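Welcome! Could you take me on a short walk through this structure, pointing out what to look at along the way?

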Amino acid sequence: MKLVAIAASLSLIFIGQAQANENKTWQTSAELGAITTSGNTSGTSITGKIDAKQELTQWSNNYILSAFFKEDEKTDAEGNKIRERSAERYLVSAKGAYKLTAEFDNLFLLGSYTDDKFGAFTKYTTVAAGYGTRLLNAENKFLDVEIGPGYYTAERANTEKENGLLARGAASFKWVISESANFTQKISVEYSSDNTRTIAESAISARINGAMQMKAAFLIQNDSDVTANKENTDTQTSLTLVYSF
């Protein structure tokens, strides 16, 4: 089941290829950030993300690939300096939304896979389908929501495996503050009988030039049920450069 998300991604690509006669529009952004510290505290963290959106006549597709690494410099029992990885996480997701007659209404299919070597769940795969719409469509503020059932498989840090049905809800808010600045708030909740996973990201971005932006973001992920030696909540604060093309 860990390859379900990849299979979902490929199926959505095939959908796009089947509509090759249509006028394709892509919006892609690539972001990268790195922090290195030295002195009393030494370490390096790197985060990167590729977000690609494709608009077709009947389909709106979204592909995301992200990664996060963190290494700390420590002193071993013999006094030697060693570098030890303390975070390593990958995410791949794909979503295809079939546009209905009413404006902004759609039926979606989503597949995602997370590999987190140091998380409470080292592997987490979700497949979900449902209905999405736009609840707010003001001049400079937009709110999109979606809801539907799904299925997940997961592996905990102690290698225990679990799977089952879930209910998923998500919302995405965008506020165009000015011609060069945006604020976004995204949240998703996946509820199952064994665990509820909540992911929220707040971000503000400012344009440096036509294609380059600076982005500051705060990401929080919470799992309601984790093993005894793991925390329920992980957070990540990042400052990245974003290139759109």
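Two residues are said to be in contact when they have heavy atoms within 4.5 Å. Keep that in mind as we set out, and remember too that this is a predicted model.

Is Ile64 buried or exposed? Its relative accessibility is 18%, and because buried means under 20%, Ile64 counts as buried. Which residues does Ile64 touch, leaving aside those up to four places away in sequence? They are Lys49, Ile50, Asp51, Leu91, Val92 and Ser93. Ile64 can also be related to Ser112, which is 48 residues away along the chain: the C-alpha atoms of the two are separated by 9.1 Å.

Strand S4 (residues 81–99) and S5 run antiparallel to each other and are paired over 11 bridges. On its other pairing, S5 joins strand S6 (residues 121–137), again in the antiparallel sense, over 10 bridges. Here Gly111 has Val127 in S6 as its bridge partner. How enclosed is S5? Of the 11 residues in S5 (residues 106–116), 9 are buried, so this strand is largely enclosed by the rest of the structure.

Now look at the turns. The hairpin of S4 and S5 has 6 residues between its strands, while the hairpin of S5 and S6 has 4. In the loop between S4 and S5 you will find Phe104. Phe104 is not a glycine, yet its phi is positive, at about 75°. With 33% relative accessibility, Phe104 counts as partly exposed.

Thr159 sits in the loop between strand S7 (141–156) and strand S8 (161–176). Its relative accessibility is 52%, and because exposed means over 50%, Thr159 counts as exposed.

Our last stop is on the surface. Which residues form a nonpolar patch there? Tyr98, Leu100, Leu107 and Tyr131 do, and together they have about 330 Å² of accessible area. Tyr131 belongs to strand S6, and at 34% relative accessibility Tyr131 counts as partly exposed.

Terms used
Residues numbered from 1 in each chain as written. Predicted model: local features only at pLDDT ≥ 70, side-chain atom pairs only at ≥ 80, totals over all residues. Heavy atoms only, no water. Buried < 20%, exposed > 50% of the residue type's maximum accessible area, 1.4 Å probe, protein only. Helix = DSSP H or I, 4+ residues; strand = E, 2+ residues; numbered from the N terminus. Pairing = 2+ DSSP bridges. Patch = residues over 30% accessible without salt bridge, like charges linked within 9 Å, V, L, I, M, F, W, Y side chains within 5 Å. Areas by Shrake-Rupley, 256 points an atom, 1.4 Å probe, with all protein chains shown as cover. Salt bridge = Lys/Arg side-chain N within 4 Å of Asp/Glu carboxyl O.
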